[in-house]
Amino acid sequence: ESFFYRSKCLLSELDDIEAGMTQDALPSGPLRINTNVPFGEIILLPLVPLFQTQFPDITLNIDLTDDIVDMYDARVDVAIRAGQLKDSDLYARKLGQSPRVIVAAPAYLQKHGTPQQPEDLTRYHKLDLNLSRSFRGWRMEKDGQALQVSIDAQIKVNNGISLKHLAMQGAGLARLTRFMVDKELQSGALIQVLDQYNSQELESFYAVFMGKRDLMPRRVAVFLDFLSEHTVLR
């Protein structure tokens, strides 16, 4: 089975090279993408129909997970990753960046009041991710000084979309990347709090891939170009 799969990949690469010799030929073959859940649901999946229209011969296989996968073991062509990248032999293209904001549902704030300064957070239910981090807390600023506010979350989940849904249901305060909650803030489903203490920390998003552009399959190259052109983060 492993031999069969790898043979199919090699034959696909050969077809891709031959097609590349013809300027008008469209790229084809399988393309496996790994992305975190928020970027996948909010940014990537809505773009899939347009990508299919432009490149109908590319077959997409998309995994949505907030876990970091080994691109080699998982045979991933392009991975979308957020935050600071670790040194590796992989290549990356920056897609954009978005600030983080603290949000809560209107009903929760009506019941518990609105926090006025970082110290007030001890009196509120907090929601957080259960992913491993070097520091578990929220970075804020007060009087021009950076604060590392330790967060003892009452509820933890493994992806940002679930975190947003919990906040919308009134489970507590959540700190999320702005592009994830932009529509909810505009509609009033969520309200931003402690904005004056919010640090200007931006979360960056990257498309990570293997190999230099002149060596990568055309289907990977056109996907990277497409994603760079159509990704809009606020």
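Which residues does N61 touch, not counting residues up to four places away in sequence? Hold that thought for a moment, everyone, while I cover the ground rules.

This is a predicted model, where local features need pLDDT of at least 70 and side-chain atom pairs count only at pLDDT 80 or more, while totals for chains, interfaces and linings use all residues. Residues are numbered from 1 along each chain as its sequence is written, and side-chain values use heavy atoms, with hydrogens and water left out.

Back to N61, then. Leaving out residues up to four places away in sequence, N61 touches L31, R32 and I33, where contact means heavy atoms within 4.5 Å. N61 sits in strand β2, residues 58-64. N34 is 27 residues from N61 in sequence, and their C-alpha atoms are 8.5 Å apart. With a relative accessible area of 37%, N61 is partly exposed; that class lies between buried, under 20%, and exposed, over 50%, using a 1.4 Å probe and protein chains only.

Now the whole chain. The protein chain has six helices and eleven strands; these are DSSP runs, with helices being H or I of at least four residues and strands E of at least two, numbered from the N terminus. Of its 234 residues, 43% count as buried. Among contacts between residues at least 6 apart in sequence, 77% join residues at least 24 apart.

Next, please find α2, residues 37-54. The axes of α2 and α4, residues 160-168, come within 7 Å and cross at roughly 80°. Axes here are lines fitted to C-alpha atoms, for helices over the stretch in contact, and angles run from 0 to 180 degrees between N-to-C directions. So α2 is roughly perpendicular to α4, a label for angles of 65 to 115 degrees. On the α2 side the contact uses V37, P38, E41 and I42, and on the α4 side G160, I161 and K164. Those residues divide into four nonpolar, one polar and two charged; Ala, Val, Leu, Ile, Met, Phe, Trp, Tyr, Cys and Pro count as nonpolar, Asp, Glu, Lys and Arg as charged, and the others, Gly among them, as polar.

Last stop: the cavity. On a 1 Å grid over the protein atoms alone, a cavity is a set of points where a 1.4 Å probe fits but cannot get out, and lining residues have an atom within 4 Å of a point. The search finds one cavity of 30 Å³ or more. Its lining is L44, L47, V48, F51, L60, F223 and F226, with seven nonpolar residues, no polar and no charged. The largest share, four residues, comes from α2.

Definitions and conventions:
On a 1 Å grid over the protein atoms alone, a cavity is a set of points where a 1.4 Å probe fits but cannot get out, and a pocket is an open set with protein on both sides within 12 Å along at least five of seven lines; lining residues have an atom within 4 Å of a point. Grid points are joined across faces, edges and corners, and a volume is the space filled by probe spheres set on the points. Angles under 35 degrees count as roughly parallel, over 145 as roughly antiparallel, 65 to 115 as roughly perpendicular and the rest as oblique.
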